Amino acid sequence: HAHAAVLLILSLVALRYVDEANLSDGWKAFVRSAIPSAAIFLPVAFFLSVLSPDATQPNGLINLAYVGAIVLAAGLLALGVGLVRSRTV
């Protein structure tokens, strides 16, 4: 539970900076959805990959963790680039 909570706090902090980023509206929408969705993908991957009571190894749904990690990294990278880019006046 702590991992999901940390990701949600990261999402809340990141969402505070989205409007200040020098990004197009499409990229802002991507960042707004990508970072919080990682807080869903990662725990769901671990939960669903061993849902069967007889499971001794994770099934293919564990790959959702990789999707979540990539989505999180892409969202944070886009936000970082938008915050670092200089604004043209």
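1. Helices here are DSSP runs of H or I with at least four residues, numbered from the N terminus. This is a predicted model, in which local features need pLDDT of at least 70 and side-chain atom pairs count only at pLDDT 80 or more. Residues are numbered from 1 along each chain as its sequence is written.

2. Helix 1 (residues 2–18) packs against helix 2 (residues 25–48) at an angle of about 175 degrees, their axes lying 9 Å apart. Because angles over 145 degrees count as roughly antiparallel, helix 1 is roughly antiparallel to helix 2.

3. In the contact between these helices (heavy atoms within 4.5 Å), helix 1 contributes A4, L7, L8, S11, A14, L15 and V18, which meet residues of helix 2 including V31, I35 and L42. The residues of this contact divide into 13 nonpolar, one polar and two charged.

4. Helix 1 also takes part in a nonpolar patch, to which helix 1 and helix 3 (63–84) each supply at least two residues. The largest share of the nonpolar patch, three residues, comes from helix 1, and V13 is found in that helix.

Terms used
Heavy atoms only, no water. Axes fitted to C-alpha atoms, helices over the stretch in contact; angles between N-to-C directions. Parallel < 35°, antiparallel > 145°, perpendicular 65-115°, else oblique. Nonpolar A, V, L, I, M, F, W, Y, C, P; charged D, E, K, R; others polar.
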